[in-house]
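With the structure open in your viewer, please follow this tour one selection at a time.

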Amino acid sequence: MVHIGNKWDEVLADDFSADYYSRIRAFLKREYGTHTVYPDMYDIFNALKTTDYDSVNVVILGQDPYHGPGQAHGYAFSVKPGVAVPPSLSNIYKELHDETGMDIPESGCLLGWARQGVLLLNTALTVRAAMPNSHRDCGWSILTDSIIKKLNQRERPMVFMLWGANAKAKAPLISNKAHLVLTAAHPSPLSARNGFFGCGHFVKANEFLKVQGIQIDWSAV
């Protein structure tokens with residue numbers, strides 16, 4: 001059984017005991033046994049472990065983990081300390097600099113965001129090395145859709161940042177008018193100039209959260 005170690009265990013209890021999750025476990029056992037898979041199996045649920053259900057202030061939705069060696073560690077867009085900042089994250093930092101004037105961090109590890117209630121959630125939680133989207137159809141989307149639906153049910157408002165077509169497709173799951181849904185192009189170099197740059201999402205998020213006395217320190221990575 002999965003053990004997150006916080007309220008997510010209760011919130012997702014039905015999912016982790018469901019037949020579909022048993023199929024995911026069987027699939028992962030084969031994949032980790034026969035291929036290189038990222039992240040390490042003990043890091044798969046790091047985003048949930050760090051950012052508890054009641055602590056979520058912002059959800060940033062990614063696609064799947066980085067598929068290169070030493071990068072992925074269970075948080076969307078984040079890489080392990082000491083690893084070069086990937087292009088999409090570099091563009092996120094550029095947008096942050098343009099919005100807030102903050103210095104661009106040298107580290108690509110976003111653990112500082114996660115500890116402030118920024119849930120860095122990928123829609124697929126694992127990937128085969130050098131094969132992006134290779135685990136897209138193994139069942140992860142059922143679980144991550146459930147996570148989004150459970151957050152949608154929460155009364156305390158939060159911000160959802162949906163970047164790119166895959167993330168925007170999840171917007172119908174967020175029906176609670178208490179929450180703020182922000183959409184933009186993906187920060188990838190292929191699309192960032194088509195609407196990610198200039199989106200203003202980080203300032204908008206803090207303006208929305210100000211009512212609750214919450215401000216994300218985006219420079220704290």
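Select helices H3 and H7 to begin, whose crossing is left-handed. What you have on screen is a predicted model, in which H3 covers residues 19–34 and H7 covers residues 140–152, the two packing at an angle of about 130 degrees with their axes 9 Å apart. That angle makes H3 oblique to H7.

Next, show the side chains at this contact, where H3 contributes Tyr-20, Tyr-21, Ile-24 and Leu-28, and H7 contributes Trp-140, Ile-142 and Leu-143. Colour them by class, and the contact of H3 with H7 divides into seven nonpolar residues, with no polar and no charged ones.

Finally, turn to the largest pocket, with a volume of about 510 Å³. Centre the view on Asp-64, Pro-65, Tyr-66, Phe-77 and His-186, which are the closest to its centre among the 34 residues that line it. Helix H4 (46–50), helix H5 (87–100) and strand E3 (118–122) are the elements that give two or more residues to this lining. Which of the elements gives the most to the lining of the largest pocket? Select E3, which supplies three residues. Coloured by class, the lining of the largest pocket divides into 21 nonpolar, twelve polar and one charged.

Terms used:
Residues are numbered from 1 along each chain as its sequence is written. This is a predicted model: local features need pLDDT of at least 70, side-chain atom pairs count only at pLDDT 80 or more; totals for chains, interfaces and linings use all residues. Side-chain values use heavy atoms; hydrogens and water are left out. Axes are lines fitted to C-alpha atoms, for helices over the stretch in contact, and angles run from 0 to 180 degrees between N-to-C directions. Helices (H or I, at least four residues) and strands (E, at least two) are DSSP runs, numbered from the N terminus. Angles under 35 degrees count as roughly parallel, over 145 as roughly antiparallel, 65 to 115 as roughly perpendicular and the rest as oblique. A crossing is left-handed if the near helix is turned anticlockwise from the far one by less than a right angle, and right-handed if clockwise. Contact means heavy atoms within 4.5 Å. Ala, Val, Leu, Ile, Met, Phe, Trp, Tyr, Cys and Pro count as nonpolar, Asp, Glu, Lys and Arg as charged, and the others, Gly among them, as polar. On a 1 Å grid over the protein atoms alone, a cavity is a set of points where a 1.4 Å probe fits but cannot get out, and a pocket is an open set with protein on both sides within 12 Å along at least five of seven lines; lining residues have an atom within 4 Å of a point. Grid points are joined across faces, edges and corners, and a volume is the space filled by probe spheres set on the points.
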